[in-house]
Amino acid sequence: MSRSPDVSLADVDETVLEQLLDLAKRDASPDEVAPPLGGPGWNLERTAWFFSYHRAAAQGLDGEAGEKTWAILAGGSPAGSIRLKRMDTGNGRKSAETGIWLGRSFRSRGIGSAALHLVLAEARRAGLAEVTARTLAGNVGAQRLLAAAGATLTPDDDGTVRAVVVL
């Protein structure tokens, strides 16, 4: 029987932000963490975007960005990041989109699943009715994680899969 991981979410302050960037640079592909800005690798544009994005999201779901990011801590150490962003899905429900990245050395250990359950609890506390996510059709691991959290998965024509968790 495997022990469930010690996973928690932490607000992203300046210290945590530096730790997340260090983790991303050594243990994740830049394309998994940031948009393709300024060419390949962790260049100045991607790094500036990373800082700007997390600082704007520090204001939370009710802030100007309508978004909140957290560091995922595994055993007290940063393992990745997860987010909620308010969305208008056109169905009248209070909705948010989630997204997650984990450092390679933290994958396939139950950390992503635990973090997703924690962020869904945050969404419930915020009064949201549903949380959506989008992943590539070939990302079977993400689809399994989302389905295990109760998501309904719908393939789209663009090669992605949309997931919806009704809270």
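**View 1. Lysine 68 is buried in this predicted model, at 13% relative accessible area.** Buried means under 20% and exposed over 50%, with partly exposed in between (1.4 Å probe, protein chains only). Lysine 68 sits in strand β2; strands are DSSP E runs of at least two residues, helices H or I runs of at least four, both numbered from the N terminus. Its side chain makes a polar contact with the side chain of aspartate 11 at 2.8 Å. Such a contact is an N or O pair within 3.5 Å; within protein, one atom must be able to donate a hydrogen and the other to accept it, and residues adjacent in sequence count only if both atoms are side-chain atoms. Lysine 68 also touches residues including Ala57, Leu61, Ile82 and Leu84 (heavy atoms within 4.5 Å).

**View 2. Arginine 144 is exposed, at 62% relative accessibility.** The residue lies in helix α5. Its C-alpha is 32 Å from that of glycine 63, 81 residues apart in sequence.

**View 3. Strand β4 gives the most to the lining of the largest pocket, six residues.** Other contributors of at least two residues include α3, β3 and α5. The lining divides into 17 nonpolar, twelve polar and eight charged residues.

**Notes.** Residues are numbered from 1 along each chain as its sequence is written, and side-chain values use heavy atoms, without hydrogens or water. In this predicted model, local features need pLDDT of at least 70 and side-chain atom pairs 80 or more, while totals for chains, interfaces and linings use all residues.

Technical notes: Ala, Val, Leu, Ile, Met, Phe, Trp, Tyr, Cys and Pro count as nonpolar, Asp, Glu, Lys and Arg as charged, and the others, Gly among them, as polar. Lists of a residue's contacts leave out its neighbours within four places in sequence.
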